[in-house]
There are 2 protein chains.
Amino acid sequence: MEQVFNFSAGPAMLPEPVLAQAKDELQNWRGLGTSVMEVSHRGKDFMEIAAKAEQDLRDLLAIPTNYKVLFCQGGARAQFAAVPLNLLGQKTQADYMDGGFWAHSAVEEALKYGQPRVTDITCERDGKRAIVPASQWQLDSNSAYVHFCPNETIDGIEIRDLPTTDLPIVADMSSNILSRPIDVSRYGVIYAGAQKNIGPAGLAIAIVRDDLLDRAHTMTPSVLHYKTLFEKESMFNTPPTFAWYLSGLVFEWLKAQGGLSAMQAHNESKAALLYQAIDSSDFYRNQVHSDNRSQMNVPFQLADAKLDALFLEQAEAAGMRALKGHRAVGGMRASIYNAMPKAGVEALVAFMQEFERTHG
Amino acid sequence: MEQVFNFSAGPAMLPEPVLAQAKDELQNWRGLGTSVMEVSHRGKDFMEIAAKAEQDLRDLLAIPTNYKVLFCQGGARAQFAAVPLNLLGQKTQADYMDGGFWAHSAVEEALKYGQPRVTDITCERDGKRAIVPASQWQLDSNSAYVHFCPNETIDGIEIRDLPTTDLPIVADMSSNILSRPIDVSRYGVIYAGAQKNIGPAGLAIAIVRDDLLDRAHTMTPSVLHYKTLFEKESMFNTPPTFAWYLSGLVFEWLKAQGGLSAMQAHNESKAALLYQAIDSSDFYRNQVHSDNRSQMNVPFQLADAKLDALFLEQAEAAGMRALKGHRAVGGMRASIYNAMPKAGVEALVAFMQEFERTHG
């Protein structure tokens, strides 16, 4: 089989050794003669790997002990409801910083439960798309929390700074969690759908500061209720055991790679290579200011959009999959999460240069 | 590897050919060079198998066209909230028929959203545990719907009849869906967590009559909102793609076995064999009346409970896994869903007879 590089924005590629192990033991896990999918979530064997997955995640992110880690279902979309349901408490308002499609989607869901105070934080800088620095965000002390999305997959925009505020900071890290070290203690809640940097779709992780566990609205469904999930060890409902197991393998793989500092270097190096290839050419362009360029999702346009279809067709033939950009932005998008090897980006850059040479 | 039979109540065993296929193509699905877990849920390839899975399920259950099929997350527990949130409408009350642990758990969640009118439908018949016939259930026309759980996994109790009523009938079929043909047109909503007769944990299926789609409470989280899920083809949030794919393989397998009539015969034959072994011995007993004995979950007790640990230990050594009964009932429980081959029940019966011979 030819080497294939999968640039899907999500569900995205998983580390090859993780899939290889999952395949190897798919019908006989731990010598039990059954699949990990077929055992009780409350049995000794599964509880063991569930606990290890949580501990490995805690180690990777250096999660303080006063934060609970919840393994949830429903993806980040479910958290769009869970956050206001769990955190508004006696308040009715929360600050929502709107930097793109996903931040805005969280606003729409929050409207069901309170008054999101929405601030557009997009701006133009040096003729490029950028984000207002977090130090300039205007927050309201009447808000129950401030919500933002530090990486917008569609726009290829990343926010790497944090506001200084007494409000609990809530971040949808679906598309950049585990891509570099962060200071968890500065957040109230971090959540992420698994299908980019954690594991397969169908799992979401919420990291919740313990003082925020117990202010949920009485109508919060139990499966979204942070305190219930914590008290039941994320097993109030039968968890997505295979996704949990596979995420645990990803966490092990991340530790073996050297943890998040190593990932940061890996991701910076990949992103630099690709942005450099774009910037050094008039044939390709990226419209995001370097301050806010995403290291996970790199959208780029061809100067001549009539070549888009041919580019995608030839890229596909060369083993580079899922490069089509989101329709809102057009052109191409290369998602280069943790699991994308540098060789994948090198192959893409070589392909782009050859395509420019023959069609430029 | 010795032959292993896994009697887990759920997550439960999957058909061997399904797991074998999943293993075979885990790293190279459809020759794409990627896993099915790594492709976009909105891409052509996944959309194709998602649609086929729905159609195969429709074929198997003969689902009328005025019923929508939703692929959800959060398991049956999420549906415990979704049902009142979506169906109460202008009413505040619903009938809940309480026949065991799971029916009762649905009541507890419904209390968040309205007034469940709870009726205990358990009874004693001929000195055995039984359920009041559905024809005698007292329902209230002020209720928005009537909810019941037709198979209680812990108690090993199954309800095979339905009330005659104008209320929408809502059934939690998590543990007996697809075990035999049913008349879907008699229900308002059927839902089921996947991890027993459908596929791996992390997926739930809801079959919703279309006139019930549009009466949701304004605070219904979008991920639980039937109309939203229907309008977005169950892809409002990124669906659990691997679980959906694997469920599709299970549906194909069920069709290849001859569909639900064949399954009914298969399940009746397995259950008869096991109950007969229990009834023909004073060493084992089952306390459920034959009217309501579950064909999916067969709890049984040893006359001498001091032998329980030895029974489990020797069963385990003989390759019969996960036979320990729920702590609420004690003793043993053999869950024999669709995927359990008759050979598994024959092996269990042979083991039980040998154990009785040596310890009776």
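How much space lies in the largest cavity, and which residues lie nearest its centre?

Analyst: This is a predicted model, in which local features need pLDDT of at least 70, side-chain atom pairs count only at pLDDT 80 or more, and totals for chains, interfaces and linings use all residues. Residues are numbered from 1 along each chain as its sequence is written, chains are lettered from A and ligands numbered from 1 in the order in which they are written, and side-chain values use heavy atoms, with hydrogens and water left out.

About 170 Å³ of space lies in the largest cavity. A cavity is a set of points on a 1 Å grid over the protein atoms alone where a 1.4 Å probe fits but cannot get out, and lining residues have an atom within 4 Å of a point. Grid points are joined across faces, edges and corners, and the volume is the space filled by probe spheres set on them. The lining of the largest cavity has 24 residues, and Gln73(A), Gly74(A), Gln73(B), Gly74(B) and Ala78(B) lie nearest the centre. Two elements give two or more residues to this lining: β2 (67–72) of chain A and β2 (67–72) of chain B. Strands here are DSSP runs (E, at least two residues), numbered from the N terminus. By class, the lining has 16 nonpolar, eight polar and no charged residues. Nonpolar means Ala, Val, Leu, Ile, Met, Phe, Trp, Tyr, Cys and Pro; charged means Asp, Glu, Lys and Arg; the others, Gly among them, are polar.

Conventions:
1 Å grid on protein atoms, 1.4 Å probe; cavity = no way out; pocket = protein on both sides within 12 Å on 5 of 7 lines; lining within 4 Å. Helix = DSSP H or I, 4+ residues; strand = E, 2+ residues; numbered from the N terminus.
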